[in-house]
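Here are some exercises on a structure that you can follow on screen. Try each task before reading its solution.

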Amino acid sequence: MAAENSKGEVNDLRRMTMIWVVLSVVADLLFWFLVGPHVPPGRMTETAVNNQRTFNVLLVIALPVLIGVWVYLGYAATMWSAKREGVAESVGGEGARTNRKVQVWWIALTSVIVIFLAGYGTFAVIAEHGSGGGEGPNPVWSPSGATQAETAALSGSSSWTPGHVLVVQVIGQQWKFTYRYPSFGGFESDKLVLPVNTEIAFNVTSLDVIHSFWAYQLSVKADANPQLNNVAYTETKHTGNFTVRCSELCGLWHGSMYNFGKVVSSTDFMNWASTTQSANAANTANLPPFAWTYVPDANGASGGWYPDGTVTPYSTVETYGSKTPAS
Amino acid sequence: MSRNGRLATVLGLFVVAVGLVVAAVAAFLTPGIPGGVVNFTSGSAGQPVSLVVQTVPSIGVGFGDHPTWVSYLVKTPSGKWVHSTTWQLPANTVVNMTILQYDSGSPLRNQQWGQVTGTLGNTMSLNGTATSAYNSNTGDGVGHTFTVPALGLDIPLVGIGGGSTNACSQAPCGTNFDHNTITFSFKTPGPGNYPWQCFVPCGLGYLFGNGGPMSTQGYMGGFLKVVA
């Protein structure tokens, strides 16, 4: 028997290793092919695809570790039970306290795993332009064409055609997200509609407290901070519906701060955007010029939205002004 | 006491303690609905429902612990003004809504809420004039909004003139005081609880204007409780 040494003694380590390898391979294969394709956040965007792959890689690495622990526990409980006939009494001494070979292997193996995961994670973040997370106002990793699209949006000369980066501004406010499309006259809508096979540059900000824009199926999550533009990228790959939730506890109606968006064909998107641009034209004319952030006038209740040249950032003094807090 | 007796006593006390904890948590999580639910489902099936509400600059005495807070009130089917913001409506039914706006206005923090959306025809009547968008940076500004995010319903409630000498000071306000009358219609969806709120940060004196009445159910937000 392979698990016995030349003296006919059972080699427990070899036997456990064999069990562990077989179970790990089976578990990893089952997970990768049966569960993996269904792991969140799905496959609606390139970011989602890559994040799903990252989760699956982590699980494929973690499963053997988990199984290793279980195999050892199971083996020990079964084979070294004091009730089992022929099992020697446990002994103390050096051999019970330490095993240099096991220690070295354990440290080496876990170090390799951790270093690999650190490298893999770093690569994924860089290769995927922030991997769907907010990169702040000056992204380190931007997809090709994003900078030009965002510059055009800010200058008011933005337009969009299929195959190019689409800039969408996400505005958080207590308690709803709204969205501005600078490439279509800067209209604002409470609906988030995106074209498929398009790199999206989300520019996320807030008009009041901190919110967090979490488009789960898009695998995009970026905090919405007042007076700060937080940029996150993703590339849509499949049509379908997705959910947007606020993932930062932001007040009474935080639980209701969600809406549903959809990824549609480029043709359908152009139709929707053109129709909405026309329908909203009267109100769009009343909106402030497109900007990365908006500083509400700090005049307390019903504070206006427009920077008027004399605006100061929020402060309790400026917010309350001469007004008396209500009881 | 026997061993079994002691065991039974301990178990009994444990069950009582767990029960008390569960009851306390349940009471905390289900605080009830401020002002109760006003029922508008007693009419004939399929017939439009009439819903009349008013916004007041201060709720006044007799309506709870915060007489200076801004608030909504609703008129019950029997014609009585009550301080409730949870209204039970029939599903898939047209609601003809009238809002009597007694508060003053100012520029919106987000002018997007100046656009009328989600009503039949995406329009409202402001003192008899059809309106689809209101520029809050002009005129009397917007005092409040009636917005149901899940339905895409948004109505800007234009404020009364800031120099009004006939403003209502406390609820319920009569139509002899200065006010704007806003009417519109919308259709209720299927059964469910749909939160509504004001999108003007009108909690005067609170940080960003979104505390106090904006963050307390029963004042500037509530539910449309739509039932089959």
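**Exercise 1. How much area do chain B and chain A bury between them, and what share of it is on carbon and sulfur atoms?**

Solution. 
- Step 1: Take the area first. Chain B and chain A bury about 3200 Å² between them. Buried area is the accessible area (1.4 Å probe) that two parts lose on being put together, summed over both.
- Step 2: Look at the atoms. Carbon and sulfur carry 55% of this buried area.
- Step 3: Count polar pairs. Chain B and chain A have 10 residue pairs in polar contact, both residues at pLDDT 80 or more. A polar contact is a pair of N or O atoms within 3.5 Å; within protein, one must be able to donate a hydrogen and the other to accept it, and residues adjacent in sequence count only if both atoms are side-chain atoms.
- Step 4: Find the strands. On the side of chain B that touches chain A, β12 (192–197) and β13 (221–227) of chain B each supply at least two residues. Helices (H or I, at least four residues) and strands (E, at least two) are DSSP runs, numbered from the N terminus.
- Step 5: Count the residues. Chain B gives 39 residues to the contact and chain A gives 36 residues. Contact means heavy atoms within 4.5 Å.

The model is predicted: local features need pLDDT of at least 70, side-chain atom pairs count only at pLDDT 80 or more, and totals for chains, interfaces and linings use all residues. Residues are numbered from 1 along each chain as its sequence is written, chains are lettered from A and ligands numbered from 1 in the order in which they are written, and side-chain values use heavy atoms, with hydrogens and water left out.

**Exercise 2. Which residues touch the most other members of the largest nonpolar core?**

Solution. 
- Step 1: A nonpolar core is a set of buried Ala, Val, Leu, Ile, Met, Phe, Trp, Tyr and Cys residues joined through side-chain atoms within 4.5 Å. Buried means under 20% relative accessible area, exposed over 50%, partly exposed in between (1.4 Å probe, protein chains only).
- Step 2: Name them. The core has 90 residues, and F202(A), F213(A), W87(B) and F146(B) touch the most other members.
- Step 3: Find the main supplier. Strand β2 (residues 49–56) of chain B gives the largest share, 5 residues.
- Step 4: Follow W87(B). Beyond its neighbours within four places in sequence, its contacts include V53(B), M97(B), F146(B) and W196(B).

**Exercise 3. Which residues are linked in a network of salt bridges?**

Solution. 
- Step 1: Side chains of opposite charge can pair when their charged atoms come close. A salt bridge is a side-chain nitrogen of Lys or Arg within 4 Å of a carboxyl oxygen of Asp or Glu.
- Step 2: Start at K237(A). Its salt bridge with E46(A) has its closest N and O atoms 3.9 Å apart. K237(A) lies in the loop between β8 (230–235) and β9 (240–246) of chain A and E46(A) in helix α2 of chain A, so the pair ties together parts 191 residues apart in sequence.
- Step 3: The network is E46(A), E235(A) and K237(A).
- Step 4: K237(A) is partly exposed at 30%, E46(A) at 26% and E235(A) at 25%.

**Exercise 4. Is T47(A) buried or exposed?**

Solution. 
- Step 1: Read the value. T47(A) is buried, because its relative accessibility is 3%.
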